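Here's a quick tour for anyone meeting this structure for the first time. We'll look at charged pairs and then at the nonpolar inside.

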Amino acid sequence: LHLTIVSLLIISTVHCFDVLSVQENDHEITVGNGQLSVVLSKEPFQMKILDEDSKVLLASNPYENQLAIGRGVAWNFQKYIYEGYSFRLAYDYEYFRATTVDSYQVLDDSKIVTFRILTDDIAGIIELELAAFSGNHFKPTIRATNGNPLWTNRIQWGFLSPIDEAFFGFGERFMPEQNKRGQKLYNWVEDGGFSFGLEVRLPKGPTSTYIPVPFLLSSYGYGLLLDTTWRTEFDLGSGSVPHYSFTVENSEVDLEFFMGSSPSEALALYTSEVGRPLIPPKFQFGPWVQFGNAYSNVTTTEW
């Protein structure tokens with residue numbers, strides 16, 4: 001009789017989050033950990049993220065695409081059909097924009113601060129939780145709160161963006177541009193599209209994806225992750241529109257901000273949180289030959 005004993009070593013990571021300071025004046029509330037400060041303007045509502053030298057790293061848009069919660073009000077048969085295999089008819093949505101910081105609470109030994117934010121509809125309340133500060137990384141949560149949990153199923157938020165800001169990330173996309181500024185990119189796992197030649201891909205076109213990742217990496221040195229399994233969409237504006245926004249199809253969403261001094265530093269913060277991949281074997285970097293489609297007849301000189 002042979003007895004084999006297998007011992008398993010389970011290593012868990014224990015996060016020690018930073019203690020936060022909270023300062024308030026007539027116009028603003030500032031939450032900070034010594035490296036980052038999150039400043040909330042009371043009215044009109046706006047959120048700004050500052051570094052330890054008080055430089056503004058990112059600011060929400062207080063005029064267009066303000067933090068908002070939304071609900072569907074009517075089918076729109078003339079607007080469009082959502083591309084992708086879900087083929088959902090478009091809905092017209094009624095959005096209620098954040099207006100005023102009403103109150104706040106400091107919780108968990110000064111490691112969490114929650115804000116109650118009023119909207120331009122008396123029934124719509126937004127709860128913004130700032131938590132899990134660790135150096136240049138923190139995790140806000142947005143919740144729509146009201147008497148009826150089915151009342152809202154959209155959260156939308158926009159941020160100011162210089163016209164030269166470039167956006168990378170978002171997982172796999174069938175487009176040659178690495179800079180995704182000017183695109184609308186949905187994040188929803190589904191099978192890829194069908195290609196008809198090199199120019200036509202259905203049903204979603206070049207934004208098709210087998211592997212969407214709702215992670216935005218900015219050329220200005222920060223990253224934004226929508227930590228949710230619900231369908232999301234980034235509207236990345238264009239070269240002449242100084243803002244971008246995201247929409248989440250749910251009444252709650254967890255966000256993660258990675259505020260680096262460069263894109264590579266922000267990416268390092270992101271991968272330290274979600275995990276880093278192994279380096280693939282060399283053959284995976286070689287030519288990709290796929291028979292039975294338009295790419296099979298393209299010679300190397302045509303690329």
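A salt bridge here is a side-chain nitrogen of Lys or Arg within 4 Å of a carboxyl oxygen of Asp or Glu. This is a predicted model, so local features need pLDDT of at least 70 and side-chain atom pairs count only at pLDDT 80 or more, while totals for chains, interfaces and linings use all residues. Residues are numbered from 1 along each chain as its sequence is written, and side-chain values use heavy atoms, leaving out hydrogens and water.

The structure holds eight salt bridges, and the table shows some of them.

| Pair | N to O distance |
|---|---|
| Glutamate 28 and lysine 48 | 3.8 Å |
| Aspartate 102 and arginine 116 | 2.7 Å |
| Arginine 143 and glutamate 127 | 2.4 Å |

Arginine 143 sits in strand S10 (residues 137–145) and glutamate 127 in strand S9 (residues 125–134), so their pairing ties together parts 16 residues apart in sequence. Strands are DSSP runs (E, at least two residues), numbered from the N terminus. Arginine 143 is partly exposed at 22% relative accessibility, as is glutamate 127 at 26%; buried means under 20% relative accessible area, exposed over 50%, and partly exposed in between (1.4 Å probe, protein chains only). Both residues also belong to a salt-bridge network with Glu129 and Glu252.

Now for the inside. A nonpolar core is a set of buried Ala, Val, Leu, Ile, Met, Phe, Trp, Tyr and Cys residues joined through side-chain atoms within 4.5 Å. The largest one has 45 residues, and Phe45, Phe115 and Phe257 have the most contacts inside it. Apart from it lies another core of six residues, among them Phe215 and Tyr270.

Technical notes
Helix = DSSP H or I, 4+ residues; strand = E, 2+ residues; numbered from the N terminus.
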